[in-house]
Amino acid sequence: MTDEEFEAFYAHSVRPLVGQVYLMTGDLHEAQDVVQEAFVRAWSRRSWLDRDAGPEAWIRTVAWRLAVSRWRRRGRALEAWRRHHGERADAVPAPDPGTVALVAALRQLSERQRRVAVLHYVCDLSVQQVAAETGIAAGTVKSHLSRARAALAPHLDDASTPEAHHD
């Protein structure tokens with residue numbers, strides 16, 4: 001990918017990727033940070049990023065891994081904070097009520113179910129693409145999707161989801 005192609009890719013992809021990672025993480029600022037960091041890492045690898053090979057998946061995977069690493073570090077720091085201060089300031093709420101409801105419902109899922117559901121329903125990846133991106137077997141992806149749908153159903157109605165997808 002040339003510098004110009006990368007810049008066009010960035011301009012076209014940054015907002016959707018931030019939105020997708022936001023739904024996976026539940027934290028808009030975190031999503032913005034990790035997606036930006038993933039793009040910085042991609043810049044140094046732009047010569048081997050192929051536009052036709054779906055560089056969005058590479059960015060999304062790197063951003064997800066960065067978020068997981070940050071959660072692990074933050075979990076230890078948060079525990080220390082709670083021991084010394086007893087409470088934590090709340091995160092800034094999401095901008096629109098439908099997205100807030102979706103993120104709240106997604107937080108009820110396990111980390112793996114949440115990631116699989118977002119990749120399939122929001123990123124519109126096939127089961128096989130989700131399996132390839134996450135390293136989870138296709139049958140396990142299907143199982144996680146089924147469990148995620150069942151867990152989300154009581155928390156959401158069709159009006160609160162950005163897009164209603166039905167299998």
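Author: One term to start with: a polar contact is a pair of N or O atoms within 3.5 Å; within protein, one must be able to donate a hydrogen and the other to accept it, and residues adjacent in sequence count only if both atoms are side-chain atoms. This is a predicted model, where local features need pLDDT of at least 70, side-chain atom pairs count only at pLDDT 80 or more, and totals for chains, interfaces and linings use all residues. Residues are numbered from 1 along each chain as its sequence is written, and side-chain values use heavy atoms, with hydrogens and water left out.

Reader: Which residue's backbone nitrogen lies 3.3 Å from a polar atom of the T25 side chain?

Author: T25 sits in helix α1, residues 3-25 (helices are DSSP runs of H or I, at least four residues, numbered from the N terminus). A polar atom of its side chain lies 3.3 Å from the backbone nitrogen of D27.

Reader: Is T25 buried or exposed?

Author: Buried means under 20% relative accessible area, exposed over 50%, and partly exposed in between, with a 1.4 Å probe and protein chains only. T25 has 10% relative accessibility, so T25 counts as buried.

Reader: How are α1 and α2 oriented to each other?

Author: Helix α2 covers residues 28-43, and its axis is 8 Å from that of α1, at an angle of about 150°. Axes are lines fitted to C-alpha atoms, for helices over the stretch in contact, and angles run from 0 to 180 degrees between N-to-C directions. Angles under 35 degrees count as roughly parallel, over 145 as roughly antiparallel, 65 to 115 as roughly perpendicular and the rest as oblique. That's why α1 and α2 are roughly antiparallel.

Reader: And α5 with α6: what does their angle make them?

Author: Those two pack with axes 9 Å apart, at an angle of about 135°. So α5 is, relative to α6, oblique.

Reader: What is the relative accessible area of D124?

Author: D124 counts as exposed because its relative accessible area is 58%.
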